[in-house]
Structures are given as structure tokens and as C-alpha cells.
Amino acid sequence: MASPDKEKHRSKSKKKKREVERVQVLKHYDTFYSQAPPGLIKEEEEHPEDCIPDLPENREAREFLSKAPSRGLWMPLGKEVKVMKCWRCKTYGHRTGDRECPLFVTGNAEIEKFRYIHEDPMHNFISEKRKAEKLERVQQLQALLALSDSSSSSDSSSSDSSSSDSTKWNGTKGFKAS
């Protein structure tokens with residue numbers, strides 16, 4: 001019979017052999033599935049900084065995005081990533097009205113007015129509403145004037161016939177004592 005030491009040694013060696021085989025299988029799966037299949041034509045990789053034009057004023061935003069990690073869950077610390085274009089200075093990395101914009105404080109009054117009108121989605125609605133209210137008010141005043149003209153002409157003919165009338169209609173101001 002075999003000694004108990006030899007049996008323990010054999011069982012340990014069998015366990016080690018099985019572990020080595022498992023590791024080899026896992027390495028095979030890892031390398032097989034992580035590699036591209038043979039014959040695959042790899043397209044050009046997309047980089048986040050490629051969506052920003054390569055201009056001198058956009059250099060800082062492009063550099064930051066090129067160095068930022070692009071895989072996994074990540075949040076760059078210390079700087080906010082904004083892939084957007086400012087309408088004022090026409091550079092990328094911030095929006096109109098952000099403090100990073102070189103034209104944040106300065107600006108032309110005409111450009112500012114145009115920007116306000118262009119960016120405000122309610123501007124057209126509000127201006128049309130104001131115009132409609134003004135037009136309605138003008139129509140009300142015209143109707144009131146037409147009414148006062150017709151009543152003043154009838155008042156004048158009746159006041160000529162009877163001079164005992166002590167009040168007269170005075171257009172928009174109301175009645176006037178005579």
C-alpha cells in the first residue's frame with residue numbers, strides 16, 4: 001500500500017494541475033474574446049476632441065478632451081467637459097453667458113439685442129401678443145371716438161334746441177359742466 005504522505009502529495013499535485021489547466025482555459029478565453037477576428041478591417045477610432053474644429057481658439061478644449069479618459073465610468077475632476085459652441089465668441093468649451101467666455105462682460109448692444117432675440121424662444125410670442133394688445137386697444141379707442149362723435153353731434157343738436165342742459169359730453173375726458 002501507498003503511504004498517506006504520498007497520497008496527500010498526489011492529491012495536492014492533482015489540484016495544482018487542475019488549477020493550472022483552469023488558468024490556461026481562462027487565459028485562452030480572455031485572449032480569444034478580447035482580440036478582433038482575423039480579417040477584420042479596423043475603422044478609424046473616434047476621439048472626443050474630433051467633434052471640435054482644430055482652430056487656435058479651441059486648442060485648450062481639444063487638449064483637455066484628448067487627455068481625458070474615454071473608457072469605463074469616469075468623471076474628470078477639476079474641469080467641466082462641455083462640447084458646445086459659444087454663440088458670442090464662436091469657440092468651443094463653453095456656452096453663451098458662461099464666465100469662461102472672453103465676451104462675458106463686454107459686447108456690442110446690437111449684437112446683444114440680436115442674441116437675446118435669437119436665443120429667447122418666447123420672444124416672438126411675446127412681441128406678437130403685445131402687437132395684438134396694442135391693436136385691440138386702438139380699435140377700442142376708435143370705437144369710443146366714433147361713439148362720442150355720434151353722441152356729441154346729437155348732443156349739440158339737442159343743446160341748440162334746449163339751452164337748459166347743464167352738462168355736455170367732452171370726448172375722452174367725460175362730461176363737462178356748461
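R62 is buried, with a relative accessible area of 18%, where buried means under 20% relative accessible area, exposed means over 50% and partly exposed lies in between, using a 1.4 Å probe and protein chains only. R62 forms a salt bridge with D54, the closest N and O atoms being 3.6 Å apart; a salt bridge is a side-chain nitrogen of Lys or Arg within 4 Å of a carboxyl oxygen of Asp or Glu. This is a predicted model, in which local features need pLDDT of at least 70 and side-chain atom pairs count only at pLDDT 80 or more, while totals for chains, interfaces and linings use all residues. Residues are numbered from 1 along each chain as its sequence is written, and side-chain values use heavy atoms, with hydrogens and water left out.

**Overall architecture**

- The protein has four helices and two strands, and along the sequence these follow the pattern α-α-α-α-β-β; helices (H or I, at least four residues) and strands (E, at least two) are DSSP runs, numbered from the N terminus.
- Of the 178 residues in the protein, 11% are buried.
- The protein exposes about 16100 Å², of which carbon and sulfur atoms supply 55%, with accessible areas taken from the Shrake-Rupley method with a 1.4 Å probe and, for residues, only the protein chains shown counting as cover.
- Among contacts between residues at least 6 apart in sequence, 18% join residues at least 24 apart, a contact being heavy atoms within 4.5 Å.

**Salt bridges**

- The structure holds two salt bridges, and side chains of opposite charge can pair when their charged atoms come close.
- In the pair of D54 and R62, D54 counts as exposed at 64% relative accessibility, whereas R62 is buried at 18%.
- The other pair joins R59 to E63, with the closest N and O atoms 3.3 Å apart, and E63 is partly exposed, with a relative accessible area of 37%.
- R59 and E63 both lie in helix α2 (residues 59-67), four residues apart, which is about one turn of the helix.
- An α-helix has 3.6 residues a turn, so residues three or four places apart point the same way.

- Helix α1 has 31 residues and reaches 45 Å from its first C-alpha to its last, close to the 45 Å expected at 1.5 Å a residue; the expected span is 1.5 Å times one less than the number of residues.
- This helix is hardly covered, as the count of buried residues among its 31 residues is zero.
- V25, L26, Y29, F32 and Y33 form a nonpolar patch on the surface, with about 590 Å² of accessible area together.
- Patches are made of residues with over 30% relative accessible area and no salt bridge, with like charges joined within 9 Å and nonpolar side chains (Val, Leu, Ile, Met, Phe, Trp, Tyr) within 5 Å.
- L26, one of the patch residues, is placed in helix α1 (residues 4-34) and is exposed, with a relative accessible area of 57%.

**The loop between α2 and α3**

- H94 lies in the loop between α2 and α3 (109-119) and is buried, with a relative accessible area of 6%.
- Not counting residues up to four places away in sequence, H94 touches K82, M84, K85, C86, C89, E100, C101 and P102.
- D98, also placed in the loop between α2 and α3, counts as buried at 13% relative accessibility, and, leaving aside neighbours within four places in sequence, D98 is in contact with K82 and F104.
- K90 lies in this loop as well, counts as partly exposed at 47% relative accessibility, and has a phi near 65°, a positive value in a residue other than glycine.
- Most residues other than glycine have a negative phi, and most peptide bonds are trans.

**Cysteines**

- A search of the whole structure finds zero disulfides, a disulfide being a pair of cysteine sulfur atoms within 2.5 Å.
- C86 is in no disulfide, and the nearest cysteine sulfur, that of C101, is 3.6 Å away.
- Seen from C101, the closest cysteine sulfur is in C86 at 3.6 Å, which is too far for a bond.
- C86 counts as buried at 0% relative accessibility, and C101 counts as buried at 4%.
- C86 and C101 are both among the residues that H94 touches.
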